Amino acid sequence: MKVLFFAAICISLMFYAGEALSESDEICCTWINTKYVSGDRPQKLMINFDGTFVTYKTKTSTDALERGMFQIVKKWEDSEKNIWYQIKMQGLKYGTKYKLAKVSKDGGKLEFVCKSDKYPAEIDKNEPDYCNYVRASM
């Protein structure tokens, strides 16, 4: 009876975890920009559903530049159906960063500005910390 009860609990937990992780977020995927070649910005950015992120120097790299954790602090949709985020990212290499990010309404483009001391007020393409990526098709 204990074995059956334990098995039922394990199966319930698996269904619960699957249901919880199936609530996707538009920003959680792999993003690519192969125009970044200087090394200052990674070509590949992976934002995972479990609250972790990984960056890679090139689209095909397997050695991570940085790994860390992120937290979506605020999320909203604008009148054009773009999805906006305030994200706090913590990595071992660069420490804590604050991002204002936008995923386009079709989900195909990610833009953000990153600061080390506070959330940016806007996404300005002329900012030195501006980045943009497209959703990877893998």
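The model is predicted, so local features are given only where pLDDT is at least 70, side-chain atom pairs count only at pLDDT 80 or more, and totals for chains, interfaces and linings use all residues. Residues are numbered from 1 along each chain as its sequence is written, and side-chain values use heavy atoms, with hydrogens and water left out.

## Overall architecture

The protein has 1 helix and 8 strands, where helices (H or I, at least four residues) and strands (E, at least two) are DSSP runs numbered from the N terminus. Read from the N terminus on, the elements follow the order α-β-β-β-β-β-β-β-β. Of the 138 residues in the protein, 34% are buried, a word that here means under 20% relative accessible area, while exposed means over 50% and partly exposed lies in between (1.4 Å probe, protein chains only). Contact means heavy atoms within 4.5 Å, and among contacts between residues at least 6 apart in sequence, 30% join residues at least 24 apart.

## The nonpolar cores

A nonpolar core is a set of buried Ala, Val, Leu, Ile, Met, Phe, Trp, Tyr and Cys residues joined through side-chain atoms within 4.5 Å. The largest such core has 20 residues, and those that touch the most other members are Ile 27, Trp 31, Leu 110, Phe 112 and Tyr 133. At least two residues of this core come from each of β2, β5 (83–91), β6 (95–103), β7 (109–115) and β8 (130–135), and β5 gives the most, with 4 residues. A second, separate core has 5 residues, among them Trp 84, Val 113, Ile 123 and Tyr 130.

Leu 110, one of the residues named for the largest core, is found in strand β7 and is buried, with a relative accessible area of 0%. Leaving aside neighbours within four places in sequence, Leu 110 is in contact with Ile 27, Trp 31, Leu 45, Ala 101, Lys 102, Val 103, Cys 131, Asn 132 and Tyr 133. The C-alpha atoms of Leu 110 and Arg 135 are separated by 7.5 Å, although these residues stand 25 residues apart along the chain.

## Empty spaces

Rolling a probe the size of a water molecule over the atoms shows where empty space is left. On a 1 Å grid over the protein atoms alone, a cavity is a set of points where a 1.4 Å probe fits but cannot get out, whereas a pocket is an open set with protein on both sides within 12 Å along at least five of seven lines, and lining residues have an atom within 4 Å of a point. Grid points are joined across faces, edges and corners, and a volume is the space filled by probe spheres set on the points. For the linings, Ala, Val, Leu, Ile, Met, Phe, Trp, Tyr, Cys and Pro count as nonpolar, Asp, Glu, Lys and Arg as charged, and the others, Gly among them, as polar.

| Space | Volume | Residues of the lining |
|---|---|---|
| Largest cavity | About 50 Å³ | 8 nonpolar, no polar, 1 charged |
| Largest pocket | About 540 Å³ | 11 nonpolar, 5 polar, 8 charged |

The structure holds 1 cavity of 30 Å³ or more. The largest cavity is lined by Ile 27, Leu 45, Ile 47, Ile 87, Met 89, Lys 99, Ala 101, Leu 110 and Phe 112, and the elements that give two or more residues to this lining are β2, β5, β6 and β7. The largest pocket is lined by 24 residues, of which Asp 40, Pro 42, Tyr 94, Lys 99 and Cys 114 lie nearest its centre.

Asn 33 lies in the loop between β1 (30–32) and β2 (44–47), and Asn 33 is buried, with a relative accessible area of 9%. A polar atom of the Asn 33 side chain lies 2.9 Å from the backbone nitrogen of Lys 35. Beyond its neighbours within four places in sequence, Asn 33 is in contact with Gln 43, Asn 132 and Tyr 133.

Ser 61 is found in the loop between β3 and β4 and is buried, with a relative accessible area of 18%. The side chain of Ser 61 makes a polar contact with the side chain of Thr 58 (2.5 Å); a polar contact is a pair of N or O atoms within 3.5 Å, and within protein one must be able to donate a hydrogen and the other to accept it, with residues adjacent in sequence counting only if both atoms are side-chain atoms.

Lys 81 is placed in the loop between β4 and β5. Most residues other than glycine have a negative phi, but Lys 81, which is not a glycine, has a positive phi of about 75 degrees.
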